[in-house]
Amino acid sequence: NNDRNVSGETPGTGLQITNSSPTVSNNQFTQNTKALVIESSSAPTVSGNTFSQNTTSAVEVNSSHPTFSSNTASGNGTNGIFLQGSISQNYTLSSNLPFVIQATYSVPATTTLAIDAGTIVKLSGAGNISASGKINALGSSAAKIIFTSLHDDDCGISGGCGDTNATTTTPVAGDWDNIVFNSGAASSTLQYVVVRYGGNNDNPLSNPPRGALRLIGTSIDILNSTIEKNYIAGIWMQNSTSTVISDSIIRDHSDSTSEVFYGINLTSTSTPLIKNTVFSNNETNIRADSTSSYTDGGGNSF
C-alpha cells in the first residue's frame with residue numbers, strides 16, 4: 001500500500017534498490033504506485049515474486065543488471081519490466097516477465113547484450129535498442145525471441161503473449177522505433193527472433209524512414225527469423241557489406257498509401273548474402289540503390 005502519488009513528489013515505491021545487489025525472492029508486492037525500482041548499477045537476483053495491483057509498473061530497471069526468474073505480474077498498470085538507460089557490462093535478458101522499452105536502451109561498445117530463448121521485448125513510441133556493442137539474441141524453434149509493440153497481445157505465437165499494458169489495444173506498423181546496430185555491433189546474431197510492428201511512423205515525411213532493423217556501418221547474421229508488419233522497411237542497411245540473412249521470412253510490409261514499403265532496403269554500398277528466405281506481401285521485396293546489391297545464395301522465394 002505504498003500508493004502515495006502526489007504531484008511534484010516522489011511516488012510511492014514498494015522497494016527501491018540503488019547501487020546494491022540483494023536477493024529478492026518469494027515476496028508479494030501489492031497496491032503500490034511502483035512495486036520495485038532497480039537503479040544505479042544494481043544487480044539483484046529477483047525470483048519467485050508476485051506483483052499485483054500496482055498502479056504504474058511491476059518493475060522498473062534503470063542502468064542496472066538484475067537477474068529475473070519465476071516472477072508473476074497481474075492487475076498492474078504495466079505487467080512487465082521497464083528497461084531504460086544502458087548496460088555497463090555484459091548482461092543477459094532472461095525469459096520471465098515481458099521487458100518494456102519506451103525510450104533508448106543502449107548497449108555500449110565492448111559490451112554484449114545476450115537475450116535468452118523465449119524472451120519477449122515490447123516497445124512503444126520512441127522505444128528502441130541502440131547497440132554499439134554486440135547483441136546475441138539466440139532463440140530456438142520452440143522458444144522464439146519476440147520484439148514487438150507494447151500493444152501486441154498476440155505476438156504471432158501459439159497461446160499469445162499476454163496483455164502487458166492492461167488495455168485492449170491493436171498494434172500497427174510503426175508502433176515503436178527500431179533496433180539499431182552501429183559500427184561496434186559486428187558479429188551480432190539474431191536467431192529465431194520475430195521483429196514486428198517497428199519502424200516508427202512518426203513524421204515519416206520529415207524524418208528519413210529507418211526500418212525496424214537498422215544496420216549502420218556494420219554486418220550481422222539474421223538466421224531462422226521472421227521480420228514482419230513493420231513501417232516502411234523490415235531491414236534497412238547502410239554500408240553493411242557482409243550481413244547474412246538465411247532461412248528467414250520477410251513479409252507484410254505494405255499499406256494503402258502512396259509510400260513505398262520494402263522488405264529490405266539497401267543503401268550506401270550494402271552487399272548482404274541472402275539465402276533460403278521467403279519474401280511475401282511486401283510492396284517491394286528488396287530495394288537497392290546504385291551502390292548496393294545482394295548475393296542470391298539460392299533457395300529464396302519471392
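Modeller: Start with N265, which sits in strand β27 (residues 262–267). Keep in mind that this is a predicted model.

Colleague: Why is N265 called buried?

Modeller: Buried requires under 20% relative accessible area. N265 has a relative accessible area of 1%, so N265 is buried.

Colleague: What makes the link between the side chains of N265 and R287 a polar contact?

Modeller: The cut-off for such a pair of N or O atoms is within 3.5 Å. The side chains of N265 and R287 are at 3.1 Å, so the pair qualifies. Leaving out residues up to four places away in sequence, N265 touches I235, W236, M237 and R287.

Colleague: Why is G85 called partly exposed?

Modeller: The term covers the range between under 20% and over 50%. G85, in strand β10 (residues 81–86), has a relative accessible area of 25%, so G85 is partly exposed.

Colleague: Which residues is G85 in contact with, leaving aside its neighbours within four places in sequence?

Modeller: They are N62, S63, T104, Y105 and S106. As for V107, its C-alpha atom is separated from that of G85 by 9.3 Å, and the two residues are 22 apart along the chain.

Colleague: How do you know that C155 and C161 form a disulfide?

Modeller: The sulfur atoms must lie within 2.5 Å. For C155 and C161 the S to S distance is 1.9 Å, so the pair counts as a disulfide. By this rule the count comes to 1 disulfide. The angle about the S-S bond is 75°, and the link of C155 and C161 is right-handed. C155 and C161 are both buried.

Colleague: What makes β17 and β20 paired strands?

Modeller: Pairing takes at least two bridges. Strand β17 (residues 145–149) is joined to β20 by 3 bridges, so the two are paired, and they run parallel.

Colleague: Which way do the residues of β20 point?

Modeller: In β20 (residues 193–196), V193 and V195 point one way, V194 and R196 point the other way, and all are buried. In a regular strand the side chains alternate between the two faces of the sheet.

Colleague: Why do β11 and β31 count as edges of their sheet?

Modeller: The open sheet has 8 strands with parallel pairing, in the order β11-β13-β16-β19-β22-β25-β28-β31. β11 (91–93) and β31 (295–296) each have a single partner strand, so one side of each is left without a neighbour in the sheet. Within the order, β22 (residues 221–223) and β25 (residues 244–246) pair over 3 bridges in the parallel sense. D221 stands opposite V244 in β25.

Colleague: Which residues have the most contacts inside the largest nonpolar core?

Modeller: They are I135, F147, L213, I235 and I264, in a core of 55 residues. Strand β12 (residues 99–107) gives the largest share of this core, 4 residues. There is also a second, separate core of 6 residues, including I232, A233, W236 and Y262.

Colleague: What is L213 in contact with, leaving aside its neighbours within four places in sequence?

Modeller: The residues in contact with L213 are I179, F181, L190, V195, I222, I227, G234, I235 and W236.

Conventions
Residues numbered from 1 in each chain as written. Predicted model: local features only at pLDDT ≥ 70, side-chain atom pairs only at ≥ 80, totals over all residues. Heavy atoms only, no water. Buried < 20%, exposed > 50% of the residue type's maximum accessible area, 1.4 Å probe, protein only. Core = buried A, V, L, I, M, F, W, Y, C linked by side-chain atoms within 4.5 Å. Contact = heavy atoms within 4.5 Å. Polar contact = N/O pair within 3.5 Å; in protein donor to acceptor, adjacent residues only side chain to side chain.
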